[in-house]
Every structure is written in C-alpha cells, then in structure tokens.
Amino acid sequence: MKKVALFAFRGDLSCFVHVLLNALDFREKDYEVKVVLEGEATRLVAELSKPDNHLHPLFEKTKELGLFAGVCRACSHQLGSQEAAVAEGFTLLDDMHGHPGMAPYVDNGFTVLIF
C-alpha cells in the first residue's frame with residue numbers, strides 16, 4: 001500500500017486547506033494517510049472545530065476518516081493550543097524530544113510531505 005504523511009507546520013488557513021484536500025485526495029486514491037499538526041498549525045484545531053468556519057466540513061471529514069495522526073505535544077503546549085487539541089480527541093505526539101518525529105514514518109514506508 002502507498003503511504004503518505006503530511007506534516008503541517010504553518011498556521012495559515014489558506015495553506016492548511018491544501019493539507020486537508022490532499023489528505024482526502026490521497027485517501028480516495030487508496031493511500032494510507034497520516035496528518036501531523038506541528039508548530040503554528042496546532043493553533044488551527046480550535047478555529048476549525050467551530051461549525052461556522054468555512055473549512056469545518058473538510059476538517060470534520062478528515063477527522064471522521066481517522067486521517068489525523070495527532071498534534072505536537074510541545075508546540076501545542078507552547079502555543080496554548082493543547083487544550084483544544086485534547087478536547088477534539090487528538091493524540092499528543094512527542095516521540096522526538098516532545099515533538100513528533102518523521103523518522104518512524106519514513107521507517108514504515110511513508111513519503112513525508114511538509115506544508
């Protein structure tokens with residue numbers, strides 16, 4: 001099976017929409033997909049969880065399909081977004097000095113894409 005891990009670092013909604021769209025597109029094309037929220041992107045959880053956000057349906061669909069691997073523990077703590085991530089049911093990832101490492105994905109045959 002083809003595998004892709006999308007690491008989102010930017011907290012810009014106009015950039016993050018491409019993460020969501022690509023995650024769903026890869027999934028539809030039978031890829032195994034994992035989305036990891038790092039850096040400023042961890043702040044987007046609170047914003048995208050609001051039903052009135054225009055990207056909320058894409059966010060929810062991505063969640064429902066189980067495509068989110070999780071949120072960086074260190075960055076979400078530092079940026080004050082950890083509570084929102086936990087409230088939305090995200091796993092806090094911290095295998096690399098408090099941050100999610102890319103090596104385990106590469107070791108497991110994933111192509112890592114960085115946004």
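**Close-up views of a predicted model**

**View 1. The residue following helix 1.** Just after helix 1, D30 adopts a positive phi of about 65°. The model shown here and in the other views is predicted.

View 2. Helix 1 covers residues 13-28 and lies across strand 1 (3-8), strand 2, strand 3 and strand 5. Relative to strand 1, helix 1 runs at about 170°. The 16 residues of helix 1 should span 22 Å at 1.5 Å a residue, which agrees with the 22 Å between its end C-alpha atoms. Buried residues of helix 1 are L13, C15, F16, V17, V19, L20, A23, L24 and F26. They pack against strand 1, strand 2, strand 3 and strand 5, and also against helix 2 (44-48) and helix 3 (56-64). An α-helix has 3.6 residues a turn, so residues three or four places apart point the same way.

View 3. Five strands with parallel pairing are arranged in the order 4-3-2-1-5. Strand 4 (92-93) and strand 5 (111-114) are the edge strands, each pairing on one side only. Strand 2 (residues 32-37) pairs with strand 3 (residues 68-72) in the parallel sense, over three bridges. V35 stands opposite F68 of strand 3.

View 4. S81 lies in the loop that joins helix 4 (73-78) to helix 5 (82-87). S81 counts as buried because its relative accessibility is 6%, below the 20% cut-off. The side chains of S81 and T42 make a polar contact at 2.9 Å. Apart from neighbours within four places in sequence, S81 is in contact with T42, R43 and S76.

Key: Residues numbered from 1 in each chain as written. Predicted model: local features only at pLDDT ≥ 70, side-chain atom pairs only at ≥ 80, totals over all residues. Heavy atoms only, no water. Pairing = 2+ DSSP bridges. Helix = DSSP H or I, 4+ residues; strand = E, 2+ residues; numbered from the N terminus. Contact = heavy atoms within 4.5 Å. Axes fitted to C-alpha atoms, helices over the stretch in contact; angles between N-to-C directions. Buried < 20%, exposed > 50% of the residue type's maximum accessible area, 1.4 Å probe, protein only. Polar contact = N/O pair within 3.5 Å; in protein donor to acceptor, adjacent residues only side chain to side chain. Expected span 1.5 Å × (residues − 1).
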